[in-house]
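This briefing is meant for a reader meeting the structure for the first time. Please look over the sequence and the model below before going through the points that follow.

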Amino acid sequence: MQENELAMQNALAHNSHIKIEKKFFGLLTKITYTPTGVPVSKTYLEYDSTVGPQAEQILFAPSTELSTLCKHKLKISENGKFRLYLLASKDHRFAALQLSKYSDFSYDPVGEIRILEGDDARQILQAFI
C-alpha cells in the first residue's frame with residue numbers, strides 16, 4: 001500500500017459519513033458512503049505538466065469557484081508528472097482527492113486531502129471523471 005493510500009484511509013476513518021469494512025482476512029476493503037449507502041471506488045489519474053497545474057487549481061479552489069472551473073473534463077495522460085488519487089461514490093455525492101507531483105523518483109503530495117460531499121463533490125468530479 002502506498003503512503004498516500006494510508007493517509008487517505010486515515011482521513012476517511014475519521015469521516016462520520018464513511019463506513020470502512022475489511023473482508024477476506026483484511027485483504028479486501030469495502031468503503032461505503034453512508035448517507036446514500038453507495039459504494040466508494042478508488043482510482044489514480046495522471047496528468048502531464050500542462051494539465052497538472054489546472055488540476056491543482058481546481059483541487060484547491062473554494063467551493064464558490066467550482067462551477068466555473070469544472071466545466072470541462074481534464075485530459076488524462078500516461079506516465080504524467082502529476083498523479084491524482086481519487087475516491088468517489090458511484091452517485092458522485094462524495095469525493096476524496098489528493099494530488100501528488102513526481103520529483104526525485106517518487107510522487108510527493110502537493111497538498112492536503114480534500115473531501116467533498118453533495119453538489120461540491122458532483123461539480124469537482126465533472127473535471128476528473
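Predicted model: local features only at pLDDT ≥ 70, side-chain atom pairs only at ≥ 80, totals over all residues.

A polar contact here is a pair of N or O atoms within 3.5 Å, and within protein one of them must be able to donate a hydrogen and the other to accept it. With that in mind, the side chain of serine 77 reaches the backbone nitrogen of aspartate 48 at 3.1 Å.

**Strands 1 to 3**

- Strand 1, residues 18–23, and strand 2, residues 28–33, run antiparallel and are joined by six bridges; within this pairing, lysine 22 has threonine 29 of strand 2 as its bridge partner.
- Strand 2 also runs antiparallel to strand 3, which covers residues 38–47, and three bridges join these two strands; here isoleucine 31 stands opposite valine 40 of strand 3.
- A hairpin is formed by strand 2 and strand 3, with four residues between them, and in its turn glycine 37 has a positive phi of about 70°.

**Helix 2 and helix 4**

- Two packed helices are described by the distance between their axes and by the angle between those axes.
- For helix 2 (residues 52–59) and helix 4 (residues 118–128), the axes come within 11 Å and cross at roughly 180°; since angles over 145 degrees count as roughly antiparallel, the two helices are therefore roughly antiparallel to each other.
- Helix 2 contributes Ala55, Ile58 and Leu59 to this contact, while helix 4 contributes Ile124, Ala127 and Phe128; sorted by class, the contact has six nonpolar residues, no polar residues and no charged residues.
- Which residues of helix 4 are buried? They are Gly118, Ala121, Gln123, Ile124, Leu125, Ala127 and Phe128, and the elements that the buried residues of helix 4 pack against are strand 3, helix 2, helix 3, strand 4, strand 5 and strand 7.

**Serine 77 and arginine 83**

- Serine 77 is found in the loop between helix 3 (66–69) and strand 4, and, leaving aside residues up to four places away in sequence, serine 77 touches Glu46, Tyr47 and Asp48.
- Arginine 83 belongs to strand 4, residues 82–89, and its side chain is joined to that of glutamate 46 by a polar contact of 3.0 Å.
- Is arginine 83 buried or exposed? Its relative accessible area is 18%, and because buried means under 20%, arginine 83 counts as buried.
- Between arginine 83 and isoleucine 58, which are 25 residues apart along the chain, the C-alpha atoms are separated by 14 Å.

- Most residues other than glycine have a negative phi, and the two residues described next have a positive one.
- Aspartate 104, which lies in the loop between strand 5 and strand 6 (106–109), has a positive phi of about 55° although it is not a glycine; with a relative accessible area of 72%, and because exposed means over 50%, aspartate 104 is exposed.

Notes
Residues numbered from 1 in each chain as written. Heavy atoms only, no water. Pairing = 2+ DSSP bridges. Buried < 20%, exposed > 50% of the residue type's maximum accessible area, 1.4 Å probe, protein only. Axes fitted to C-alpha atoms, helices over the stretch in contact; angles between N-to-C directions. Parallel < 35°, antiparallel > 145°, perpendicular 65-115°, else oblique. Contact = heavy atoms within 4.5 Å. Nonpolar A, V, L, I, M, F, W, Y, C, P; charged D, E, K, R; others polar.
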